[in-house]
Amino acid sequence: MDYFTGEQYAGNCVISNFAAPLWKLLVFVKSGAIIPMTNPNNNVTEINKNLRIYEIYPAGYSSFTEYNYNKDEIVEVKVKGTDLKAVNALSFALPYDQQDYEFIGVEPLNLKAMENLTYDRLHTSGQKALYPTFVNLGDKETLEGTADLFILKLKAKRKVKFNLKAIDGLLVDRNLNMCKF
C-alpha cells in the first residue's frame, strides 16, 4: 500500500512505470505492519521522547515489541483502517498485564457517527484485555476508504517492555457479513 495515498498494490513483485516525481518519497506499507512513530516536528529537538505512537495496518496476526517504557509514560496506539468497504462495526482484543499498564482512554478520529463501546475487561483467569469496539446504531453512514480511525492510550505503571498483540479482529458490514483479521 502507498503510505501517503492508501492505494493498494500487489506484494512480492516489481512495480514498473510507477509515476514518482522527484519530490515524492516512495513509502510502501505491508499488510499487518505496525509502525512506530513520533509527534510531527521539523527538528529532532522537538521530538517528545515520552510519547510513543504506533500506526497499525491490521491483517492476520500483527505484533511489535518496543523496549524501555518508563513509569508514567503514555503509549499511544493509532489504529488505521485501510481500503475499508461498508464497515458498520469493528472490534479487536488487546491483552495486557494490568500490573504493567493502565488503560487511559480512546480518542476517536474518523469513525463518523459510530458509537464507542470500548471496554476494558478483567477475565477470571486474571488476564486483562482491552476491547476497542465501534458500531453503528441504526441507519448510519458506514466507513469507507483509508483513514486514521482512533488512538488507544495506555499509561505505564512501571518500567516495562511493551508487547503489542492485537488479536481476534473483526469487521462487520450492514448485512452482518464478517471479516476476521
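Colleague: Is Asp83 buried, partly exposed or exposed?
Modeller: In this predicted model, Asp83 is partly exposed, at a relative accessible area of 39%.

Colleague: Where does Asp83 lie?
Modeller: Asp83 is in strand 4, which covers residues 74-87. Its phi is positive, about 55°, although Asp83 is not a glycine.

Colleague: OK, over to Asp168. What's the phi there?
Modeller: Asp168 has a positive phi of about 55°, and it isn't a glycine either. You'll find Asp168 in strand 12, residues 160-172.

Colleague: Why does Asp168 count as exposed?
Modeller: Because its relative accessibility is 62%, and the cut-off for exposed is over 50%.

Colleague: New topic, rings. How many aromatic pairs does the structure hold?
Modeller: Four aromatic pairs. One of them is Phe134 with Phe150, a tilted pair with 4.8 Å centre to centre and 35° between the planes.

Colleague: Which parts does that pair tie together?
Modeller: Phe134 lies in strand 10 (residues 133-135) and Phe150 in strand 11 (residues 143-156), so the pair joins parts that are 16 residues apart in sequence.

Colleague: And are Phe134 and Phe150 buried or exposed?
Modeller: Both Phe134 and Phe150 are buried.

Colleague: Which residues do ring pairs link into a cluster?
Modeller: Phe92, Phe134, Phe150 and Phe181 are linked into a cluster by ring pairs.

Colleague: Last one: what sits over the ring of Tyr3?
Modeller: That's the charged end of Lys80, 5.2 Å from the centre of the Tyr3 ring.

How values were computed
Residues are numbered from 1 along each chain as its sequence is written. This is a predicted model: local features need pLDDT of at least 70, side-chain atom pairs count only at pLDDT 80 or more; totals for chains, interfaces and linings use all residues. Side-chain values use heavy atoms; hydrogens and water are left out. Helices (H or I, at least four residues) and strands (E, at least two) are DSSP runs, numbered from the N terminus. Buried means under 20% relative accessible area, exposed over 50%, partly exposed in between (1.4 Å probe, protein chains only). Rings of Phe, Tyr and Trp (its six-membered ring) pair if their centres lie within 6.5 Å; planes under 30 degrees apart count as stacked, over 60 as edge-to-face and the rest as tilted. A charge sits over a ring if NZ of Lys or CZ of Arg is within 6 Å of the ring centre and within 35 degrees of the ring normal.
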